[in-house]
Amino acid sequence: MDYRATLNLPQTSFKMKANLAQKEPELLKIWEQEGLYNKVQQATAGRPIYLLHDGPPYANGFIHLGTAFNKVLKDIILKSKRMAGFHCPYIPGWDCHGLPIEHNVDKELGEKKKVIGKLAFRGSCRKYAQKWIEKQKADFKRLGVLGDWDNPYLTIDFKYETAIAREFNRFLANGSVTRSKKPVYWCSSCVTALAEAEVEYEDHASPSIYVKFPLAEDLDDVVPELAAKKVFAVIWTTTPWTLPANLAVALHPQFTYAAVKNGDEVLLMAEGLVERACEACGISGYEILATFASGPLEGKKCKHPFLERESVIVLADYVTLDSGTGCVHTAPGHGREDYLTGLRYGLPVLSPVDDTGRFTDEAGPYAGMNILEANPRICDDLRAAGYLLEQSKLSHSYPHCWRCKKPVIFRATEQWFIGMDNNDLRKKALAAIKEVNWTPSWGMERIYGMVEGRPDWCLSRQRAWGVPITAIMCSKCGHIINDEAINSRIEQLFLKEGADAWFSHELQDFLGAETRCGKCGSTEFAKETDILDVWFDSGVSFAAVVEERGLPTPADLYLEGSDQHRGWFQSSLLASVGTRGRAPYKGVLTHGFVVDGQGRKMSKSIGNVIAPGEIIKEYGADILRLWVSSEDYRDDIKISGEILRRLSDAYRKIRNTVRYMLGNLSDFSPAKDMVAIADMPEIDQWAISRFELVKRRVMNAYEFFEFHTVFHALYNFCTVTMSAFYLDILKDRLYTELDSSLARRSAQTVLYEILDGMTRLMSPVLTFTSAEVWNHLPADDGREENIFLAGFPPIKEGNLNKDLNLTWERLKGVRDEITKVLEVARQDKIIGHSLEAEVWLAVPADLADFLENKWQTLESICIVSKLYRVEKAQEGAMTSTEIPGLAILVKSAASEKCERCWMRSETVGQNADHPTICGRCSSVIAQIEPAGE
């Protein structure tokens, strides 16, 4: 008889080889055809809403791993929230204005850009953005991200551009917006002002110089020791090019200063820096003539070292003893603190530098020179005039433009600002930050410190591609005349034609008839031509998207990289607090940056860049999604070929575990074959209880965004609890027992409960695989048709048995020790398979008490043919190092091997009709044979 035919061997069409790269596009096509997102939204419409508001990626270039990580992380959260019982609309968006698009369109236009009109140029920028939106959209969908891809939000949509103008006009109306000349970050290469969030700090080598400013008046009334002496205030700077803008030398009001005799000159510097400064300048043999307070020097004059101008001595708290001389070169047109000091002392805001970074006529002999190219010339001239004490090079962190990557400068220009202290914006924003739930928690301190110390928000950009600053000013007195009627006309025209209307329409179309300046009565007006900072565009998305589409505000969650504390999180916060009085979000989650396996930043020059498409082509999107869940996003996120191979191996183990369970459920009907827990063998009750713990841990991890816990909990459960233990033990029962027996149906009930629940738990991460598994589960009328319409497995208190868990943890501990000795016996060729073994066990008294009625259970879970208990260790037994007093001896079983179940049993041969099988198998065959007749 062919006994193999009587076994219940696994059967399933669920393939061992995943072929994700081929199968995933097929599933995507099906989801597209059936309108999956809309189907999910309709099915969940009555639930409480959980809103994750999407931060818009920039519509320029292919997505990179950081973008992919971000989108998958959002998708995991939204899918888990739907599984947890929420209605989760997801409206993806794109940031479409700004300088990078301008630059790339400039390149595409070539010489044509010199003659193309502004509206035509803006049209080219719009087409460029739309092209990349479509390409990125396809990439995001390929990742398995479920969203309203047919109706995303775009900052170039007419309604969105109208919302941007409306929100700016709200700030204008409440007095928060001012126009003034003050220093801002300026990129001479991009020819525009920059916001704080558009500046990156990179290493840069600068000239480091000590310069003497001769005193223009005697100080003997303050310091008698200086009578008839040549006295100089010594400053230190790393920006020689700012010296033409020098108007003052700042001292600290609380520091003591020293008069240092060096030959026939006297140098003034802070007493606490004399030794370091003299060493840096190569001065030895100096003498301190006197020390004095700084206060009496306030208002005294120095001569500018190379221009016919005086520099006044002022007092300022920002002077430090960290470096330099304690006498600080002050140029109100080129430094934020310098500017504030200049305001306090009534100094002009001098910035003799044009938009392209060249000196104007106010710079005297350097007019027309590029400022950085002028650095050596200025140093040479100072040396020739006898005012340069020392020159060297200093490598330090210096601000660079995040677009062109070139060094930026601080330069005073006429710009539009939202005042941080107008209407208590800073104070309100700081209070709002404390009301938000920040993940990780240190995010609150980070953004709090940034907002606490940030300057006014520079809104204006001197570029073409963006939403214009919709301000209309009196040509005579400069008064801003925007009122409700004007702003209403702006909105109406923007809704019809977009922001292009500002440039295509005459001013009169916005003004209306007989408009006069409310301040001076003039009828001559001008409209601003600068565009808005693109951070304002994205910052008002809470109004343009969330409010506009009738979604609840504030949103439950904003989620982006940690650099957005100074970017989108901050611009959104200020835009919302400034007009709504509250933060636009209840919670903020940030993640780190993607780096290679050695922790290095991804860089084309290093050659360590991995494109998401390459990973998907080789491994499939589910492996990339598994990577997202496996990493602790709070730190930098590592990726490499080795990491991907490990994850692919982990995925394979999970898939094989799933496949094995599916294979053993081929003849199981949940409607009629389920077994109650009370009727199950103890090991099955334990497996259900163990899964209940895993279920709770995973669902809790989803709730608190601990996705690496989700990965490790499910992976360990699949590989350790199931494959290496429970399923290994279950094989005999599943394969050899009568197909409809209580013992087998009990095991199948456990497999079904666990597999159904596990598929739900892993579906937010392994989107494609879980959908595939769902379609292979045994038919069940009570189960949802689609995994994305399903919920998490319900918590079942009756499934949890803490005492049973403790019992089986101890049993597993004994089994682990026996397994170690079985492996040694296998290596020593004493046995082949564990079923060929009989084990002789000597146990300590406390363990003997525990095992008193569990010997048969221990024998079955060890998967050996016979387990004997002996009073003392047998000769050759191995002693456990983990369980004191436990001794284990493995021998080759003496009985014959059953041809059907492979057990060694003395009952083999007792049935004359079936002489090659054991008594247990004979009993099963006896029940099968009549059914087959």
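1. A residue counts as buried when its relative accessible area is under 20%. The structure discussed here is a predicted model. By that cut-off Cys-281 is buried, because its relative accessible area is 10%. Cys-281 takes part in no disulfide, and the nearest cysteine sulfur, in Cys-278, is 7.0 Å away.

2. The count of disulfides in the model comes to zero. Cys-474 deserves a separate word. The cysteine sulfur closest to that of Cys-474 belongs to Cys-520 and lies 3.5 Å away, which is too far for a bond. The cut-off for a disulfide is a pair of cysteine sulfur atoms within 2.5 Å. Cys-474 also counts as buried, with a relative accessibility of 4%.

3. Gln-136 is part of helix H5, which covers residues 118-142. Gln-136 has a relative accessible area of 3% and is therefore buried. With neighbours within four places in sequence left aside, Gln-136 is in contact with Pro-57, Tyr-58, Ala-59, Asn-60, Gly-61, Ile-63 and Trp-94.

4. Glu-631 sits in a loop, the one between helix H19 (621-630) and strand E26 (637-639). Is Glu-631 buried or exposed? Its relative accessible area is 17%, so Glu-631 is buried. Residues up to four places away in sequence not being counted, Glu-631 touches Ile-637, Lys-638 and His-708. Glu-631 and Glu-706 are separated by 75 residues in sequence, while their C-alpha atoms are 9.6 Å apart in space.

5. Turning to the strands, four of them form an open sheet in the order E12-E13-E8-E14, and the pairing is mixed. At the edges are strand E12 (301-303) and strand E14 (328-330), each of which pairs on one side only. Direction ignored, neighbouring strands of this sheet are turned by 35° against each other on average. Strands of a sheet pair through backbone hydrogen bonds, in either a parallel or an antiparallel sense.

6. The pairings of this sheet can be followed across its order. E12 and strand E13 (residues 310-315) run antiparallel and are joined by three bridges. E13 and E8 pair in the parallel sense, over four bridges. Here Val-249 has Ile-313 of E13 as its bridge partner. E8 and E14 run antiparallel, with three bridges between them. Ala-250 has its bridge partner in E14, namely Val-328.

7. Strand E8 (residues 248-251) is covered on both faces. Ala-248 and Ala-250 are buried on one side, and Val-249 and Leu-251 are buried on the other. In a regular strand the side chains alternate between the two faces of the sheet. Helix H8 (residues 336-345) lies across E13 and E14, and runs at about 95° to E13.

8. Strand E7 (residues 230-237) is mostly covered, with six of its eight residues buried. Strand E6 (residues 199-214) and E7 run antiparallel and are joined by six bridges. In that pairing Ile-209 stands opposite Thr-237 in E7. E7 is also joined to strand E10 (residues 265-270), by four bridges and in a parallel sense. There, Ala-233 stands opposite Leu-268 in E10.

9. The remaining points concern helix packing. Two packed helices are described by the angle between their axes and the distance between the axes. The axes of helix H20 (residues 641-663) and helix H25 (residues 767-776) come within 11 Å and cross at roughly 10°. Angles under 35 degrees count as roughly parallel, so H20 and H25 are roughly parallel to each other. H20 contributes Tyr-651, Arg-655, Val-658 and Leu-662 to the contact, and H25 contributes Thr-769, Glu-772, Val-773 and His-776. By class, the residues of the contact of H20 with H25 are four nonpolar, two polar and two charged.

10. H25 also packs with helix H1 (residues 20-34), at an angle of about 75° and with the axes 10 Å apart. That angle makes H1 roughly perpendicular to H25. On the H1 side the contact is made by Leu-20, Lys-23, Glu-24, Leu-27, Leu-28 and Trp-31, and on the H25 side by Thr-767, Phe-768, Thr-769, Ala-771 and Glu-772. The contact of H1 with H25 has six nonpolar, two polar and three charged residues.

Technical notes:
Residues are numbered from 1 along each chain as its sequence is written. This is a predicted model: local features need pLDDT of at least 70, side-chain atom pairs count only at pLDDT 80 or more; totals for chains, interfaces and linings use all residues. Side-chain values use heavy atoms; hydrogens and water are left out. Two strands pair if DSSP finds at least two bridges between them. Helices (H or I, at least four residues) and strands (E, at least two) are DSSP runs, numbered from the N terminus. Axes are lines fitted to C-alpha atoms, for helices over the stretch in contact, and angles run from 0 to 180 degrees between N-to-C directions. Contact means heavy atoms within 4.5 Å. Buried means under 20% relative accessible area, exposed over 50%, partly exposed in between (1.4 Å probe, protein chains only). Angles under 35 degrees count as roughly parallel, over 145 as roughly antiparallel, 65 to 115 as roughly perpendicular and the rest as oblique. Ala, Val, Leu, Ile, Met, Phe, Trp, Tyr, Cys and Pro count as nonpolar, Asp, Glu, Lys and Arg as charged, and the others, Gly among them, as polar.
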